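Subject: Structure handover and findings

Hello,

Here is the structure we talked about. Please open it before reading on.

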Amino acid sequence: MRQHHNEKVLRNDAAKEKMLEDAVKSTSEPTQKDSKEDAEKKRITRSSEVSTSKPRTPSKEKKMEETKSESSSVDNKPFEEPSSGSVSFTALTTSTPHGHSGPGQSDVTRRSEFIIGSSRDPLTNKDVDFNDNIRRAREAMNAGVHPQLIPAGSSGSYFVRDKNGDFLAVFKPKDEEPFAPLNPKWPKFFQRILCFCCFGRACLIPNNGYLSETGASLIDDRLCLNIVPKTRVVRLSSSAFFYGRCCGRVVEPYPKEGSYQLFVHGFKDAGTVFSEWNQLGGPDHALSQDEQEQFLIQFQKMVVLDYIIRNTDRHNENWLIRQPMGNVREEGTCWHVTGKEMRLAAIDNGLAFPVKHPESASRFRQFPFGWATLSWAQKPWNEHLRIYLLQLLTPLFMHNLCQEIKHLFRYDNSTNPLLNRAQLCVLRGQVWNLRQALLNLEPPCEMVKRPQVIARRRYSSRRLPVSDEWEKCFKIKQSRNSPEGCCC
């Protein structure tokens with residue numbers, strides 16, 4: 001018993017001595033365990049603070065990379081590759097509305113590759129063709145060869161020429177649009193003064209044609225249609241522009257903002273070409289079978305473009321055709337030029353992107369598509385084009401396309417963002433109808449008869465669509481048929 005008690009006392013003494021040694025050691029030399037515990041506490045505190053803050057949204061560059069990786073699987077082999085205009089420009093910056101960065105935007109500004117600086121600015125973008133065109137225009141204006149006013153049309157449009165007088169581009173200043181205050185054409189000037197009730201088009205944003213021209217080029221580039229000449233927003237200064245009607249007052253030329261569209265050579269307007277074909281007995285006699293197939297594909301590409309942007313001003317004078325024919329033989333057949341193919345150019349896209357469908361905005365002026373009555377509109381869709389569009393027009397592609405259009409249109413600070421949102425609703429509705437027509441094998445003449453709809457997002461603007469089904473990503477609503485204007 002006594003022995004057992006002595007052993008217990010010894011064990012207690014040894015334990016006390018060990019505790020004392022540990023205590024002395026801890027006060028003289030801090031252990032690594034303590035430092036690790038402190039660091040762990042600090043890390044937990046920081047993580048708790050970060051978790052309560054607003055989550056970060058993925059940057060635009062990351063989104064675009066994801067989109068490109070997903071869209072790379074689309075088979076666009078039958079069609080041309082995107083033009084060099086798809087390379088980013090060094091662009092003018094536009095402030096974010098309301099002074100803060102929105103979803104998918106950078107912290108400071110938004111940039112659009114379709115908006116570039118003045119022709120006098122250094123050309124730092126990677127578009128070689130456009131750079132060369134601007135350089136030649138700059139050299140010509142420095143040499144005294146200024147742009148030339150185009151007599152036709154209702155707006156102040158100018159042929160930009162090089163030093164030799166050859167046409168380089170068509171420039172349309174914003175303040176010389178059909179109903180702008182500095183329009184040089186007298187008919188529109190008197191219409192503004194005497195007939196203001198018929199002023200403009202009720203479904204379009206006034207004096208936004210230069211952005212509409214550029215937006216059509218953007219959509220053409222993203223869909224790889226290659227039928228719209230390359231168009232950008234540019235600032236030019238020239239004494240040839242119109243600066244006012246005040247007599248006796250000299251106005252110093254200042255830079256004007258407008259759309260700059262590259263000039264296409266070797267094309268004729270569709271009305272002239274159709275007349276030539278009719279003199280030869282019609283398209284069946286004037287064109288070979290291969291040329292008819294080429295023209296049909298080009299025509300249907302223009303149909304896709306006009307329908308998506310809801311062009312309100314397409315007629316036979318503002319779409320051009322380059323036909324691969326030189327001389328006409330005696331028997332009425334055509335002699336073909338080697339190395340050329342049937343091409344089509346859709347120009348003058350300034351009256352597009354409405355805020356509501358024209359059919360619901362006016363009682364008398366509904367602006368139907370001029371090509372809907374042609375025999376080419378009754379032919380079925382080219383199967384390769386149909387499959388290509390159905391694979392391309394996914395909700396994710398549509399989201400990124402609308403983001404680009406929105407950032408381009410918000411370059412104009414005077415436009416209400418709600419109007420831009422309405423433009424996107426109409427745009428999505430048109431794409432919805434286009435997809436339905438492609439799925440149901442409806443030709444273009446039947447597609448234009450579909451009911452007008454608008455489409456809104458079902459997902460948050462701060463997120464990307466997570467489904468490939470349009471019904472899950474967009475809410476479709478039929479447009480109200482309640483015209484508000486009397487005759488506009």
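Below are the findings, grouped by type of interaction.

This is a predicted model, so local features need pLDDT of at least 70 and side-chain atom pairs count only at pLDDT 80 or more, while totals for chains, interfaces and linings use all residues. Residues are numbered from 1 along each chain as its sequence is written, and side-chain values use heavy atoms, with hydrogens and water left out.

Aromatic pairs

Rings of Phe, Tyr and Trp (its six-membered ring) pair if their centres lie within 6.5 Å; planes under 30 degrees apart are stacked, over 60 edge-to-face, and the rest tilted. The count by this rule is 20 aromatic pairs. One of them is Phe295 with Trp376, edge-to-face, at 4.6 Å centre to centre and 70° between the planes. Phe295 belongs to helix α9 (residues 289-309), and Trp376 to the loop between α10 (358-361) and α11 (383-392), so this pair ties together parts 81 residues apart in sequence. Helices (H or I, at least four residues) and strands (E, at least two) are DSSP runs, numbered from the N terminus. Phe295 and Trp376 are both buried. Here buried means under 20% relative accessible area, exposed over 50%, and partly exposed in between (1.4 Å probe, protein chains only).

Tyr459 sits in the loop between β14 (453-457) and α15 (470-473), and Phe474 in strand β15 (residues 474-478); the pair links distant parts of the chain, 15 residues apart. Tyr459 and Phe474 are buried.

Ring pairs also build a cluster. Its members are Phe274, Trp277, Phe295, Phe299, Trp319 and Trp376.

Charges over rings

A charge sits over a ring if NZ of Lys or CZ of Arg is within 6 Å of the ring centre and within 35 degrees of the ring normal. Lys379 lies over the face of Trp376, 4.2 Å from the ring centre. The charged end of Lys256 sits over the ring of Tyr243, at 4.6 Å from its centre.

Salt bridges

Side chains of opposite charge can pair when their charged atoms come close. The criterion is a side-chain nitrogen of Lys or Arg within 4 Å of a carboxyl oxygen of Asp or Glu. The whole structure has 18 salt bridges.

- Arg450 and Glu442 meet at 2.9 Å, N to O. Arg450 is buried at 17% relative accessibility. Glu442 is buried at 19%.
- Glu446 bridges to Lys449, with the closest N and O atoms 3.6 Å apart. Glu446 is partly exposed at 35%, and Lys449 is exposed at 60%.
- Glu469 and Lys472 meet at 3.8 Å, N to O. Glu469 is partly exposed at 41%, and Lys472 is exposed at 55%.

There is also a network of salt bridges. It links Asp132, Arg135, Arg136, Glu139 and Asp162.

Two buried polar residues

Ser217 is in helix α6 (residues 209-222). Its relative accessible area is 4%, so Ser217 counts as buried. A polar atom of the Ser217 side chain lies 3.2 Å from the backbone nitrogen of Thr231. Leaving out residues up to four places away in sequence, Ser217 touches Phe114, Val228, Pro229, Lys230, Thr231 and Arg232. Contact means heavy atoms within 4.5 Å.

Asp412 is in the loop between α12 (395-409) and α13 (417-439). Asp412 is buried, at 7% relative accessibility. Beyond its neighbours within four places in sequence, Asp412 is in contact with Lys174, Asn208, Tyr210 and Leu211.

Backbone

Most residues other than glycine have a negative phi. Asp348 is not a glycine, yet has a positive phi of about 55°. Phe353 also has a positive phi, of about 55°, and is not a glycine. Asp348 lies in the loop between β13 (343-346) and α10. Phe353 is in the loop between β13 and α10. Asp348 is partly exposed, at 28% relative accessible area. Phe353 is buried, at 4%.

Best wishes

How values were computed:
Polar contact = N/O pair within 3.5 Å; in protein donor to acceptor, adjacent residues only side chain to side chain.
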